[in-house]
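User: I'd like to go through a few local details of a model with you. Could you take my questions one at a time?

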Amino acid sequence: MKDLSKEIVGRIKEIAQPVKIMHVCGSHEHTIMHNGIRTLLPEEVEVVAGPGCPVCCVPSREIDECLQLAEKGVTITTFGDMLRVPGSESSLAEAKGDGADVRVVYGVNNAVEIAKKLDNEVVFMSAGFETTAPTTASELLAGPPENFSILSCHRLIPPALQFLIDSGEVNLNALIEPGHVATIIGTKPFAPFSEKYGIPQAVAGFNPLDILMAVYMILRQIKNGKAEVQNEYTRAVREEGNVKAQQAMEEVFYITSREWRGFPKIPDSVYELKDEFSPFNAREKFDIEVKDVKEAPTGCICGAILRGVARPEECKLFKKSCSPMNPIGACMVSKEGTCNIAFRYSTL
């Protein structure tokens, strides 16, 4: 593997030119930082992290919605990383400490099992990108118990990329697309970025060779004057994606617009339940309504980090008042968060 990586790095250096490549995957950022991939690349080849952490992208408003449900005595089920993501004034971990029934689950199926055993309303906070949305859809299609509902926080990656490209804030030249999302949606949804904007792309897997090869494929496209979506992760990703998963999502969800953490409202970027599944929609079932909220604690630049215009090392709170044991911003909470990853592997 060392010999192969040296060969790929050598080829990258032969055709390197100034380029800013954005990826949108926490696992990609972990691989890059853990293996020191940025130090292997020529200086003119910049790889920046975008909104690739699903937990980090959940805005304060949706945390506040869960907190409101918890205050009403509803049992909240969610992923462990979500507990410490800050709302406008509190978190689910703090609510749990104050006596709220907040439970960590590994997936929506665990939440359904809890609902079957409890004589209480149970809400699952269903966060995640297109990767986890099919599991939520499948459980709803299977017919969960009447005391179960979900708070849909599922987000879609292509609309976020469209927003970043249109904003011009990042000035990105190329994209490494997330392999796990592409296993579900395929490569076609990314094609317009190449066709309309001339952006070279590579769908990548998650080991160091995958990342290096994706960078090489992008540079080779630039050298040859091409802009297309190449699939480096052929062992898992097909052009059409997982059709059955897509059908389940289309049956259960419709697409609407909502804000992300660090972003304003992004058009057509979130999944919400269709009317026929409204009995399982916690927002409708409990008539949730929260006020406009402050997005980030003073001094936290998590929003800029999620948009790819800043690095954790630029934050005045990083490795000082903000750490994985005491996360001030959402990017420090999850192991997929850019700040959490930088805390563990950055030398600065």
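This is a predicted model: local features need pLDDT of at least 70, side-chain atom pairs count only at pLDDT 80 or more; totals for chains, interfaces and linings use all residues.

Analyst: Residues are numbered from 1 along each chain as its sequence is written, and side-chain values use heavy atoms, with hydrogens and water left out.

User: How are H2 and H16 oriented to each other?

Analyst: Helix H2 covers residues 26-34 and helix H16 residues 338-345, and they pack at an angle of about 15° with their axes 10 Å apart. Axes here are lines fitted to C-alpha atoms, for helices over the stretch in contact, and angles run from 0 to 180 degrees between N-to-C directions. Angles under 35 degrees count as roughly parallel, so H2 and H16 come out as roughly parallel.

User: Is Glu65 buried or exposed?

Analyst: Glu65 sits in helix H5, residues 60-71; helices are DSSP runs of H or I, at least four residues, and strands runs of E, at least two, numbered from the N terminus. Buried means under 20% relative accessible area, exposed over 50% and partly exposed in between, with a 1.4 Å probe and protein chains only. Glu65 has a relative accessible area of 7%, so Glu65 is buried.

User: What separates the C-alpha atoms of Ser278 and Glu259?

Analyst: Ser278 is in the loop between strand S11 (265-273) and helix H14 (282-285). Ser278 and Glu259 are 19 residues apart along the chain, and their C-alpha atoms are separated by 21 Å.

Technical notes:
Angles under 35 degrees count as roughly parallel, over 145 as roughly antiparallel, 65 to 115 as roughly perpendicular and the rest as oblique.
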